Amino acid sequence: NARLDTAEAALTSSIALFRDLGDGYGEALTLLAFGQMVLRRRPGDAIVYLDACLPRLREYGDRRGAADAVFALGNAFYGRAWMQEAIEHFEQAMLLYREIPSPNAEGYASLMLGRSLLALGRCDEATVAVERALATGRERAARHLEGGASHALADCRYHDGRFDDAVGLYE
């Protein structure tokens, strides 16, 4: 996609500019943005950028930025099918988002934790994580979170052999 290529070029220039200016925080935020942008297309590259920005965000005391980097790393590991690493990062992200607090972001971390656990066949744990995300989605009227969690819960039910329950949730 030409637009994404243009955005990548702009972010690459921004990283170099912040580095030249000695602005470590600006560089860290740009690395975070870059990692989030390439996450789906190139999860391996995303891991490199996110690993580079995370210690700097922590050093500058940016708790939200650090939580977002940890969550994005979880997504990158999920994209590479490295489920144990994904689980560890989603658990960390949940704790960080809870401390901030950011309930919706915590809900998304719980949802992705559940998806990662399910990928490893850990259905009971996955169900707990997904139900927590579903409850957050409903409490906060976060329709996208609620829909994603409902679909993930249907996947859990299907995996458990509870096909009627799964069909009801998929509908």
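Predicted model: local features only at pLDDT ≥ 70, side-chain atom pairs only at ≥ 80, totals over all residues.
**Entry 1, ground rules.** I numbered residues from 1 along each chain as its sequence is written, and side-chain values use heavy atoms, with hydrogens and water left out.

I began with charged pairs, since side chains of opposite charge can pair when their charged atoms come close. I counted a salt bridge where a side-chain nitrogen of Lys or Arg lies within 4 Å of a carboxyl oxygen of Asp or Glu, and the structure holds 14 of them.

For accessibility I took buried as under 20% relative accessible area, exposed as over 50% and partly exposed as in between, with a 1.4 Å probe and protein chains only. On that scale Arg-42 is partly exposed at 27%, and Asp-45 is also partly exposed, at 33%. Both residues belong to a network of salt bridges that links Asp-5, Glu-8, Arg-41, Arg-42 and Asp-45.

I then turned to Arg-138, which forms a salt bridge with Glu-146, with 3.4 Å between the closest N and O atoms.

I took helices as DSSP runs (H or I, at least four residues) and strands as E runs of at least two, numbered from the N terminus. Axes are lines fitted to C-alpha atoms, for helices over the stretch in contact, and angles run from 0 to 180 degrees between N-to-C directions. Helix α4 (residues 63-79) packs on helix α5 (residues 83-99) at an angle of about 160 degrees, with the axes 8 Å apart. The pair is therefore roughly antiparallel, the classes being under 35 degrees for roughly parallel, over 145 for roughly antiparallel, 65 to 115 for roughly perpendicular and oblique for the rest.

I recorded the crossing of α4 and α5 as left-handed, meaning that the near helix is turned anticlockwise from the far one by less than a right angle, with clockwise giving right-handed. By class, the α4 to α5 contact has 13 nonpolar, four polar and five charged residues. For these classes, Ala, Val, Leu, Ile, Met, Phe, Trp, Tyr, Cys and Pro count as nonpolar, Asp, Glu, Lys and Arg as charged, and the others, Gly among them, as polar.

I noted a left-handed crossing for α8 and α9. Their contact (heavy atoms within 4.5 Å) includes Leu-153, Ala-154 and Tyr-158 of α8 and Phe-163, Leu-169 and Tyr-170 of α9. By class, this contact has seven nonpolar, two polar and three charged residues.

I also looked up Ala-149, found in α8, which is buried with a relative accessible area of 0%. Leaving aside neighbours within four places in sequence, Ala-149 is in contact with Leu-111, Val-130, Ala-133 and Leu-134. The C-alpha atoms of Ala-149 and Leu-111 are 6.0 Å apart, although the two residues are separated by 38 residues along the chain.

I found a cis peptide bond between Ile-100 and Pro-101, with omega about -10 degrees; Pro-101 lies in the loop between α5 and α6 (103-119). Ala-81, in the loop between α4 and α5, has a positive phi of about 65 degrees although it is not a glycine, and this residue is exposed at 55% relative accessible area. Ala-141, in the loop between α7 (123-139) and α8, also has a positive phi without being a glycine, near 55 degrees, and Ala-141 is exposed at 58%.
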